[in-house]
There are 2 protein chains.
Amino acid sequence: MTEPFAIPRSVEWNDTHITILNQQKLPLVTEYLQLKNIKDVWEAIASLKVRGAPAIGITAAYGLALAAQQYETESVEIFKKQLQKDRDYLASARPTAVNLFWALDRLVTSVSHVSSVNEAKTTLVHEAIRIQIEDEDVCRRIGEHALSLFQNGDRILTICNAGSIATARYGTALAPFYLAKEKGMNLHVYASETRPVLQGARLTTWELMQAGVDVTLITDNMAAQTIKAKNITAVIVGADRIAANGDTANKIGTFGLALLAKAFGIPFYVAAPLSTIDLATKTGDEIPIEERNPEEVTHLAGTRIAPEGVNVYNPAFDVTPHHLITAIITEQGIIRGNYETELPALFAKEAHHEAI
Amino acid sequence: MTEPFAIPRSVEWNDTHITILNQQKLPLVTEYLQLKNIKDVWEAIASLKVRGAPAIGITAAYGLALAAQQYETESVEIFKKQLQKDRDYLASARPTAVNLFWALDRLVTSVSHVSSVNEAKTTLVHEAIRIQIEDEDVCRRIGEHALSLFQNGDRILTICNAGSIATARYGTALAPFYLAKEKGMNLHVYASETRPVLQGARLTTWELMQAGVDVTLITDNMAAQTIKAKNITAVIVGADRIAANGDTANKIGTFGLALLAKAFGIPFYVAAPLSTIDLATKTGDEIPIEERNPEEVTHLAGTRIAPEGVNVYNPAFDVTPHHLITAIITEQGIIRGNYETELPALFAKEAHHEAI
């Protein structure tokens with residue numbers, strides 16, 4: 001029996017190569033690429049064929065493990081030098097991607113105490129696979145907690161792509177929809193297209209459709225009318241960074257949706273792994289708002305849509321103040337308000353989870 | 001001395017022809033077209049080269065006046081028959097445009113009591129010019145009232161194109177910005193791009209830039225962040241239809257901006273002529289929300305941006321409830337709340353204005 005629908009994965013280890021989903025070509029073409037050497041991997045990351053912090057980290061880890069399989073030395077010392085060189089090379093593919101460095105360094109550390117090159121090669125592959133398995137586990141747990149907040153028939157609005165193809169599997173904000181599907185529950189997703197880069201239109205709709213999840217696309221300015229006309233029951237979003245007081249940086253447009261959710265009296269949820277929580281950032285005021293290239297706004301699909309020389313304001317993300325967030329959903333559970341004490345408590349829970 | 005900036009007009013009478021701005025080619029190309037006969041005029045209206053209810057009405061009126069100049073009969077009766085035929089032909093160019101019928105019928109009525117074909121020909125031209133002058137006057141008065149609400153240095157957000165090129169001149173929501181420029185006041189406009197059809201990105205930025213008005217383009221989902229980061233002082237929008245209780249139908253996205261304005265505690269203004277107010281519509285609940293072609297959402301500049309077969313919700317406009325509207329600005333003045341009694345009073349004022 002064939003399964004008509006499946007949750008797409010963005011990256012998979014295949015021993016002699018890495019298979020990735022080419023997210024650059026979505027949604028027009030569903031293309032999987034085989035990355036056979038470290039140059040292929042570098043290029044795939046640099047050209048945004050793979051995107052989403054966890055997916056980038058996993059791909060880079062597999063890339064480093066793949067490269068190391070071809071080292072011909074028997075000297076652990078020479079092996080480690082080559083590994084460090086390749087680590088630096090892959091780290092240069094996207095110099096601002098924190099998760100990329102984290103995954104690469106985790107692989108380098110994993111072979112600190114190996115006694116042979118063979119052991120090192122096996123250790124790297126296992127460690128890279130472990131990163132993917134752990135991320136899938138984190139996402140699934142986020143999804144289970146999030147799903148506990150929804151009921152059959154709920155209509156839920158999301159923005160951007162906090163989805164399966166940005167992570168190992170399931171995603172964060174989209175995870176509950178896949179788990180609902182597995183359990184035979186019907187949830188109706190409304191995806192905001194997410195200008196300027198259109199991750200909602202291009203990616204969220206695509207991946208939910210692959211899994212047979214009911215999804216409807218709207219433009220970003222239809223949110224208020226949609227909440228009213230379609231009786232939206234909740235908004236759920238991912239996060240780029242969560243400050244110690246719960247203020248949440250996420251894709252531009254998130255703050256506006258949180259204000260709309262409050263105006264309509266419906267819950268606004270943030271779904272994100274603990275790794276997104278940065279206790280060193282006290283409040284959202286400390287998070288500088290990155291402004292990106294005006295051409296993202298003035299052009300669409302390569303075509304100019306605004307006059308030459310027009311002024312543009314193009315903030316890449318915004319910060320939703322904690323008082324607008326009904327709950328933050330992590331792999332360690334759901335917290336509702338009182339974030340300054342509850343967020344550190346999640347890490348204590350996590351430490352306990354890892355110790356057992 | 002040449003004037004470096006000018007408020008663009010969308011239509012102009014030139015005795016032997018009508019000149020229109022080809023809005024279909026904006027903002028990439030600034031093209032003016034000469035319409036030399038009734039077929040040219042029909043085609044310009046049908047193909048959306050001219051848009052905006054008042055601008056369509058004015059163009060059609062000029063088209064009918066232009067056609068009538070060529071009638072070769074000396075019989076008033078035959079003249080009127082031909083005029084009615086051409087009126088019906090032009091009315092078929094955009095069968096849902098109420099303003100089109102209103103303008104054409106006003107021309108037909110203007111020649112009810114003429115005693116010669118020559119008189120009829122002159123009357124038609126004068127009546128068409130009068131329609132344009134009246135609309136320009138209405139817009140200018142709206143602009144003066146609106147400007148009284150702003151101060152030098154204000155930063156004001158708008159959506160869609162309630163502008164000069166949609167009317168005889170000045171526009172409605174954009175009128176105060178032109179008048180401020182004339183008076184040497186600095187107002188800073190933020191234009192929301194207005195997906196799906198991008199009237200903000202394509203038209204509002206263009207026409208304000210022609211007149212040297214400071215304008216910054218944002219995508220629709222940047223509104224909340226922009227209000228916060230740029231200290232937006234007010235939101236001003238046009239209207240498609242205003243119900244007797246003040247509920248206002250306007251371009252999709254307007255309702256969301258009104259909710260954001262309330263959340264930030266800044267005023268939300270509707271600028272529109274009395275002709276937009278429909279006292280027969282009791283509340284916004286009576287206004288059906290038109291849904292348009294899904295391709296407007298799934299495609300951009302001819303390129304598909306969403307998966308084949310995706311569900312789409314594409315409401316063309318939304319209704320902003322009256323309690324979110326700080327003031328309605330008309331040619332007869334500004335009313336703040338208490339719309340159910342204040343709106344009919346405006347018409348009484350208008351009747352008085354016409355009588356004197």
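This is a predicted model: local features need pLDDT of at least 70, side-chain atom pairs count only at pLDDT 80 or more; totals for chains, interfaces and linings use all residues.

Visitor: How many residues does the largest nonpolar core have?
Guide: In general, nonpolar side chains tend to be buried together in soluble globular proteins. Here, the residues with the most contacts inside the largest core are Leu157(A), Phe268(A), Leu157(B) and Phe268(B). Apart from it lies another core of 42 residues, with Ile20(A) and Val111(A) among them. The size of the largest one is 85 residues.

Visitor: Where is Asp240(A), the residue with the "active site" annotation?
Guide: That label comes from an unreviewed UniProt entry, which puts "active site" on Asp240(A). Leaving aside neighbours within four places in sequence, Asp240(A) touches Ala249(A), Asn250(A), Lys251(A), Thr276(A) and Phe317(A). As for its place, look in chain A at the loop between strand S7 (234–237) and strand S8 (241–243).

Visitor: Are helices H3(B) and H4(B) roughly parallel or antiparallel to each other?
Guide: Helix H3 (residues 76–91) and helix H4 (residues 98–110) of chain B pack with their axes 10 Å apart, at an angle of about 170°. The contact residues divide into seven nonpolar, one polar and two charged. Angles over 145 degrees count as roughly antiparallel, so H3(B) and H4(B) are roughly antiparallel.

Visitor: How many of the eight residues of helix H6 of chain A are buried?
Guide: What covers the buried residues of H6(A) includes helix H5 (117–147), strand S4 (155–159) and helix H7 (199–210) of chain A. Those buried residues are Ala175(A), Pro176(A), Phe177(A), Tyr178(A), Leu179(A) and Ala180(A). So, with buried meaning under 20% relative accessible area, the count is six.

Visitor: Which residue is joined to Pro27(A) by a cis peptide bond?
Guide: Most peptide bonds are trans. Pro27(A) sits in the loop between strand S2 (18–21) and strand S3 (32–35) of chain A. The bond has an omega of about 0°, and the partner of Pro27(A) is Leu26(A).

Visitor: Is Tyr170(A) buried or exposed?
Guide: Tyr170(A) is in the loop between S4 and H6 of chain A. Its phi is positive, near 75°, though it is a residue other than glycine. The relative accessible area of Tyr170(A) is 3%, and under 20% counts as buried, so the word for Tyr170(A) is buried.

How values were computed:
Residues are numbered from 1 along each chain as its sequence is written. Chains are lettered from A and ligands numbered from 1 in the order in which they are written. Side-chain values use heavy atoms; hydrogens and water are left out. A nonpolar core is a set of buried Ala, Val, Leu, Ile, Met, Phe, Trp, Tyr and Cys residues joined through side-chain atoms within 4.5 Å. Buried means under 20% relative accessible area, exposed over 50%, partly exposed in between (1.4 Å probe, protein chains only). UniProt positions are given in the numbering used here, feature names are shortened, and annotations may be inferred rather than shown by experiment. Helices (H or I, at least four residues) and strands (E, at least two) are DSSP runs, numbered from the N terminus. Contact means heavy atoms within 4.5 Å. Axes are lines fitted to C-alpha atoms, for helices over the stretch in contact, and angles run from 0 to 180 degrees between N-to-C directions. Angles under 35 degrees count as roughly parallel, over 145 as roughly antiparallel, 65 to 115 as roughly perpendicular and the rest as oblique. Ala, Val, Leu, Ile, Met, Phe, Trp, Tyr, Cys and Pro count as nonpolar, Asp, Glu, Lys and Arg as charged, and the others, Gly among them, as polar.
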